[in-house]
Amino acid sequence: MAHGFESESRKLLGRLRDTLAEEGPAQARLDRITHLIADSMRTEVCSIYLFRDSDTLELCATEGLNPEAVHKTRMRIGEGLVGRVAKTAQPVNTEDAPSTKGFRFMPETGEEIYSSFLGLPVQRLGETLGVLVVQSKEKRSFSDDEVYALEVVAMVLAEMAELGAFVGEGAALAAPHQRMEMFPGSVGQEGAAEGHVWLHEPRVVVTNMVTDDPEAETARLEEAVERLRVGVDQMLSRVRATDKDQRDVLEAYRMFANSRGWMRRMQEDISRGLSAEAAVEKEQSTARARMQTVPDAYLRERLHDLDDLSNRLLRILSGQGNETGAEMPADPILVARNIGPGELLDYGRSLRGIVLEEGSVGSHAAIVARALAIPLVVHAARITTEALNGDHIMVDGEQGVVHLRPEDSVVSAFRDKMAMQAEAQKRYVSLRDLPAQSLDGEIVELHMNAGLMADLPSLVGSGAEGVGLFRTELQFLVQNQMPKRGELVQIYDRVLDAANGKRVQFRTLDIGSDKVLPYMKPTDEPNPALGWRAIRVGLDKPGVMRMQLQALIRAANGRPLTVMFPFVAQFDEFKEARDHVHRELEREAALGHVLPKKVEIGAMLETPSMAFAPRQFFEMADFISIGGNDLKQFFFAADRENERVRKRYDTLNVSFLSLIERIVERCQEGGTPVSFCGEDAGRPLEAMCFAAMGLRSLSMRPASIGPVKHLLRRVNLAEAKVVIEAARASGVQSVRPEIREWLRGQGGQSGQD
Ligand code: PEP
Ligand code: MG
């Protein structure tokens, strides 16, 4: 019995394939398809509803209902039985439709006479494109076999839509990957970019959906799964026992690759006429649909793993590997689920923009994107499923929004915005050689943050006076093994060469918390941001820190050297670190190396404790650099990586500004130069308020120097201070509104923030 049904379903799929191959208008194809399905399922009615826009379905073809209703009957998602199928992405199978909950009578279709109803979502990779319905007068409940067979048909329909088989018959029939889509995400790196999609991991294009020879297809599938298993085992044997996260993922891969249920379902799909590739996609689609509804994060991750594994299997089956034959566009915008910093560096500056489905603002990839000044949007959900290689795409790194296949109105508004930014950039270039001097004559030094060789060319272009923060850990993060001392000497030497006499403040290795070196044993800490990181690691295990200090001394080779230690939380830590520098200087001298002309040793002030450190700390430090990113997170006890709590606390909160003011005073008392190098220094309004609190040195992304200088040159800092003081005295939480208002009164300035 089951066998008879399978061959019937194969016959139907074969006919559908032939229909797809026919020339002629798309509508004729859809009409023929509904006819074929009704005939094969022995029902009076078969209808196809497709999404017209994100929440309206339209009847696009029917066999059995009133033909006049085609392209006229519409329903909202959730409305009636058809809308319910679209909303829940679950089948509705009833022998008495009119008395089923949610039934909606649609007189124009003449449907009251049909009693039985079977509706299924037309889905591709977890996305519902429409609904396929069969109905009959006879009261019958469709068997599991029939539901299953129709599911297979719905899947083929979805693929046909994907391949553009129905394009040309109005909006509802457009291939899903031709519609404009907007993806809200989070800002990873500011800037706007327009270009064409380049998928980091391109999807395999499946063109053979149907088979006449299930046995041969099953054999192909089994062979491919075997290769997949061997591949996973090989990957597992290569991964280190200590790399727990990677092992977890690979163990999950292995479990799925050996799952009998997964294999059996795919074999069943093939026996009903799907090709091996289509069977893999059908399972993948089901997993994706589940992924969207599973609330448990761990399970969702595992479903993600299954999704990745399916992609691997598809690549093996189709022989497409990573190479799908596509050519990188001239203006590529990289679209990926996630990407490592090393891979991103491989693409380098060729990219116009980056959009990640996951990622995080503080991730290493984000740091690299920032270093390369490439606009980045993270958390753009579903982008890798929606975007196709070559799609037109616009990345709005100011708002954290991505427009895929934008319509003309969006394109022109976006281009206007880009032109305005280009105009502003031109204005900033003209300021390059002018000082950041306020109207009341205060000069604020503007330095840049860096971490890669790729940053250094900006030193000239941005007008920065030096490098206020060189994050040395990036070199360590982008490699698969610990760099050797000789390599570091070369890198630091090149950095100093490129700086051409300008001051570079090298920060020693700041690892731990989110910055985990791939080749170091991970520590399982309950709260890594408050854990064993930065100087704590350096002092407890001084081998790497000493090696880095030696490399810096050798690279300086007679030139001045400036070193600072991250995350100092008490005076003794700084003293101990400073002693290390002196010991290494002695050692290097004994080895016959030329010592730096001058050595300055500073501390980053990133924990509130140091605002209350003994006077001697400020006297001993050659300079202090306020690491505002960490300082703020500890001051407000709000994780800098957690979007939900991070935004809750404004930098212009009166308490935080008072803390900055206090630190500046303490530095002035000890005669210690102080600067601020957290991200906030690059935001004009914040930078201006910091300057009003007494800071005369700020370090920021090179691209921020222009905008910050532009504002500083237009304000009177003493007046700004009066505004801040008045706001503080009034008991407000943040001085932002008052400062904005004041700037507005200063000749239309509203401050860019
Ligand atoms: C900071 O904390 O402000 C800082 C500059 O260091 P990082 O962002 O690298 O932790
Ligand atoms: Mg920090």
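The C-alpha centres of domain 2 and domain 3 lie 28 Å apart. This is a predicted model. Five residues of domain 2 are in contact with four of domain 3. About 410 Å² is buried between domain 2 and domain 3, and carbon and sulfur atoms give 27% of that area. On the domain 2 side, E201, R337 and T385 lose the most area to domain 3; together they make up 71% of what that side buries. Salt bridges between domain 2 and domain 3 number zero.

The division of the protein is as follows.

| Domain | Residues |
|---|---|
| domain 1 | 3-162 |
| domain 2 | 181-202 + 324-420 |
| domain 3 | 214-318 |
| domain 4 | 430-745 |

Next, the nonpolar cores. The largest has 117 residues. F565, I660, M688, L698 and I739 have the most contacts inside this core. Domain 2 and domain 4 each supply at least three of its residues. A second core is separate and has 65 residues, including V153, V206, V294 and L313.

Last, the metal site. E606 (OE) and D630 (OD) coordinate the magnesium ion (ligand 2) at 2.0 to 2.1 Å. The pair links distant parts of the chain, with E606 and D630 24 residues apart. E606 sits in the loop between β20 (599-605) and α20 (615-620). D630 belongs to helix α21 (residues 628-635). Are E606 and D630 buried or exposed? Both E606 and D630 are buried.

Terms used: Residues numbered from 1 in each chain as written. Chains lettered and ligands numbered in written order. Predicted model: local features only at pLDDT ≥ 70, side-chain atom pairs only at ≥ 80, totals over all residues. Heavy atoms only, no water. Donors = N, O, S within 2.8 Å, 3.2 Å for Na, K, Ca; no water. Helix = DSSP H or I, 4+ residues; strand = E, 2+ residues; numbered from the N terminus. Buried < 20%, exposed > 50% of the residue type's maximum accessible area, 1.4 Å probe, protein only. Core = buried A, V, L, I, M, F, W, Y, C linked by side-chain atoms within 4.5 Å. Domains from an automatic or database assignment. Contact = heavy atoms within 4.5 Å. Buried area = accessible area lost by both parts, 1.4 Å probe. Salt bridge = Lys/Arg side-chain N within 4 Å of Asp/Glu carboxyl O.
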